[in-house]
Amino acid sequence: MRRAVCPGSFDPITNGHLDVIARAARLYDTVHVAVMINQAKKGLFTIEERIGLIESVTSDLGNVKVESFHGLLVDFCKQREIPAIVKGLRAVSDFDYELQMAQMNMGLTGVETLFVPTNPAYSFLSSSLVKEVAQWGGDVAHLVPPQVLDSLNAKLQQQ
Ligand code: PNS
């Protein structure tokens with residue numbers, strides 16, 4: 001059984017994240033999506049809401065398991081015998097920090113990190129930008145799955 005993990009904050013999941021998860025799901029038997037719990041940073045969506053949205057938009061893939069985690073990603077991997085982390089690289093600017101994390105994680109437990117080049121259509125995309133644009137009434141319908149767009153609009157209306 002070949003397993004990999006796609007980790008992140010996913011606040012909320014975007015088409016860029018989904019593209020990387022779908023590509024990983026074609027390469028591995030099971031892809032674990034690990035949603036980081038960050039007590040220091042309150043997101044727009046709760047962890048449960050993020051998990052629900054990811055489950056909804058990945059349900060057609062059939063081999064994606066969504067879970068939250070706190071602490072070190074390498075411990076999440078060790079507990080589940082996951083040998084590989086799959087990350088998207090949007091631009092050269094992502095590379096320095098991603099390389100540092102990949103080397104640190106390799107040094108800690110020997111877990112591999114595999115980088116996939118982001119689809120150029122999403123190379124500028126981040127959850128933060130989506131939230132900012134949506135907050136000011138900008139159109140993000142082409143950047144997130146429909147379920148996420150609906151939840152984003154509902155959430156922003158509550159504020
Ligand atoms: O979507 P994000 O916020 O860019 O994801 C960052 C994430 C969750 C992948 C990264 O912060 C992470 O792996 N955090 C877990 C804590 C950890 O293992 N830190 C050491 C990294 S070398």
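This is a short tour of the structure, stop by stop, for use with a viewer.

The model is predicted, so to speak of local features a pLDDT of at least 70 is needed, side-chain atom pairs count only at pLDDT 80 or more, and totals for chains, interfaces and linings use all residues. Residues are numbered from 1 along each chain as its sequence is written, and side-chain values use heavy atoms, with hydrogens and water left out.

Show Ser9: an N or O atom in its side chain is 2.6 Å from an oxygen atom of the ligand. At Leu73, a backbone N or O atom lies 2.9 Å from a ligand oxygen. The ligand taken alone exposes 560 Å², of which the protein buries 70%. Accessible areas come from the Shrake-Rupley method with a 1.4 Å probe; for residues, only the protein chains shown count as cover.

**Asn105**

Next, select Asn105, in helix 4. Helices (H or I, at least four residues) and strands (E, at least two) are DSSP runs, numbered from the N terminus. Asn105 is buried, at 13% relative accessibility; buried means under 20% relative accessible area, exposed over 50%, and partly exposed in between (1.4 Å probe, protein chains only). Leaving aside neighbours within four places in sequence, Asn105 is in contact with Leu73, Val74, Ile85, Gly110 and Val111, where contact means heavy atoms within 4.5 Å.

Stay on helix 4, which spans residues 92-109, and pick Gln103. Gln103 is exposed, with a relative accessible area of 51%.

**Salt bridges**

The whole structure holds eight salt bridges, each a side-chain nitrogen of Lys or Arg within 4 Å of a carboxyl oxygen of Asp or Glu. Select Lys131 and Asp11, whose side chains meet in one at 2.8 Å, N to O. Lys131 lies in helix 5 (residues 127-135) and Asp11 in the loop between strand 1 (3-8) and helix 1 (15-27), so the pair ties together parts 120 residues apart in sequence. Asp11 is buried, with a relative accessible area of 6%.

Then select Lys155 and Glu49, another salt bridge, with the closest N and O atoms 2.8 Å apart. Lys155 is in helix 6 (residues 146-158) and Glu49 in helix 2 (residues 47-58), 106 residues apart. Lys155 counts as buried at 12% relative accessibility, whereas Glu49 is partly exposed at 31%.

Methods: A polar contact is a pair of N or O atoms within 3.5 Å; within protein, one must be able to donate a hydrogen and the other to accept it, and residues adjacent in sequence count only if both atoms are side-chain atoms.
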